[in-house]
Amino acid sequence: MSEHAADPSAPSESADPETVRELADIPAVEVISRAAVMLMSSAAEKLGLADSDPDVSPRRDLDEARRVITALAGLVTASVEYLGPHAGPIREGLQSLQRAFREASAHPDAPGAGPGEKYTGPVL
């Protein structure tokens, strides 16, 4: 095994240097927005929303969805001042996921106790 192969921080030999963006070159709003979109997508999958009938989705996992939605709420709340025009759509997406979670729950949480609501306030 060569030294280069043992170093996980070494750049990939197959990576095209013109298409790889350094993380330091990506604006913070883009990093935050991408993270939010990834969390939204994960929550939607865990709520079963990617399937034609979420109620019978084999991917539905409300415990996991709660965790991801709470993480998303924390990220959005902590970074809303930096998101500029992206803040509104990201907040709306978060609220939609919180409502979808409430609808999917057999025993919905009390207002203010749902996923992420300790950061966002009650979502009705």
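Colleague: How do you know that the span of helix α4 (residues 87-104) agrees with its 18 residues?

Modeller: At 1.5 Å a residue, α4 should span 26 Å, and its end C-alpha atoms are 26 Å apart, so the two agree. The expected span is 1.5 Å times one less than the number of residues. A helix here is a DSSP run of H or I, at least four residues, numbered from the N terminus. This is a predicted model: local features need pLDDT of at least 70, side-chain atom pairs pLDDT 80 or more, while totals for chains, interfaces and linings use all residues. Residues are numbered from 1 along each chain as its sequence is written, and side-chain values use heavy atoms, without hydrogens or water.

Colleague: What puts the buried residues on the same side of α4?

Modeller: The buried residues of α4 include Ala 87, Leu 94 and Phe 101. The buried residues pack against α2 (28-46), α3 (62-79) and α5.

Colleague: Why is Glu 117 called buried?

Modeller: Buried means under 20% relative accessible area, exposed over 50%, partly exposed in between (1.4 Å probe, protein chains only). Glu 117 has 3%, so Glu 117 is buried. Glu 117 is found in α5 (residues 117-120).

Colleague: What does Glu 117 touch beyond four places in sequence?

Modeller: Its contacts (heavy atoms within 4.5 Å) include Gln 98, Arg 102 and Pro 122.

How values were computed. Helix = DSSP H or I, 4+ residues; strand = E, 2+ residues; numbered from the N terminus.
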